[in-house]
Amino acid sequence: MTHFFFCVCQLGAEPAVKVELATLRPELRFAYSRPGLVTFKSPGPVAPDAPLPAVFVRAFGASLGPADSPEQVFTMLSGTCPEGQPIRLHVWERDVTRPGEEPPGFRYGPRAAEVRAALTAAWPAQRHPLLAGEVAEPGDRVLDVIVAEGEPWWIGHHVHGPGHSPLPGGRIAVDMPPEAPSRAYRKLEEALIWSGAPVRAGDVAVEIGSAPGGASYALLRRGVTVYGIDPALMDPVVLDYRGESPADNRFIHLHRPMSLVQRADLPAALHWVLMDVNLAPQVALITARRLAARPRHALHGVLLTLKLDDWRAVRHVPRLLASISAMGMEEVKATQLPSNRMELFVCGLTRAGLQRLTGH
């Protein structure tokens, strides 16, 4: 067994990961890092099924070290997993830029696809059956292969379970329509996929900080009526949106600062409160709390993007989550999505939201 542990994060978030791990796993000692990849050494063997409830970590597991050929990878695998153990293969590229700052024409995936093809072509199926597909299921033994241009592959493994993304490296694929007004469309779609928030057609949502309308457009396409609060202008594709009939979902622009919006400006039945504003989280949460306070019978949850001044603000995350729980949320969870910059996403569900999610 290995004594090393790996964490994958957004490029630039390595300091936040170190702060989180110092609290969650104080026995670990920093060992090695590359942009978007941090490893630690443990005084004892690292269990591949050990949980890690870290906000800024997208993928994690037992670290096996570098390799530069399929044969080396398979040697590591055989030394870790018993013969006959089925394996789920996750191959991905670690971040090369901050989200939204990729060079023109750049896209993640081609290099990982090449490495995956090389590994599967030489795969020792007689020793370790390869599970079809990339989406991990609970209990799967996952082989993690992290690639970057001009570097050896970094190899790890984990047992899929709570806290792990079922997708390689936690990277969530979103098809962004060309008419979407902003990258907030991608951020919200990632948020809904990651959280499983039970947003349904026919729901009513308010978005604080809606301009130019990327997230609102994503909700509209899902059949949600959206009240958008923002003194800035909205994109016409959002303002002009109408469902299939006049009674169907649409966008209503509350064209003023959020401080001037009262609960009476919104419908009595409000299912979701969304927020993505360039304010300190403590300030932004005041408005979110005010708008979420009264419709407790209908409210299903909050979907909040919180900005951070710097990575040291990770120390305040537990207090922020406690503040969101105090809004009447039965469950609160947070992460840094692949499209988040110096920010994090928080999903809070009320009892009604949890009942819808679980079906009882």
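Analyst: Leaving aside neighbours within four places in sequence, S63 is in contact (heavy atoms within 4.5 Å) with T2, F4, F5, F6, T39, W154, I155 and G156. This is a predicted model, in which local features need pLDDT of at least 70 and side-chain atom pairs count only at pLDDT 80 or more, while totals for chains, interfaces and linings use all residues. Residues are numbered from 1 along each chain as its sequence is written, and side-chain values use heavy atoms, with hydrogens and water left out.

S63 itself belongs to strand β4, which covers residues 59-67 (strands are DSSP runs of E, at least two residues, and helices runs of H or I, at least four). Because its relative accessibility is 3%, S63 counts as buried (under 20% relative accessible area, 1.4 Å probe, protein chains only).

Turning to the helices, α8 (residues 317-325) has V317, L320, L321, S323 and I324 as its buried residues. Viewed down the axis of α8, these residues fall within an arc of 155°, so they line one face of the helix. The cover over the buried residues of α8 includes the helix α7 (281-292) together with β12 (301-307), β13 (331-335) and β14 (343-349).

Elsewhere, A184, Y185, L188 and E189 of α4 meet G214, A215, Y217, A218, L219 and R221 of α5. The residues of this contact between α4 and α5 divide into seven nonpolar, one polar and two charged.

Methods. Buried < 20%, exposed > 50% of the residue type's maximum accessible area, 1.4 Å probe, protein only. Arc of directions from axis to C-beta. Nonpolar A, V, L, I, M, F, W, Y, C, P; charged D, E, K, R; others polar.
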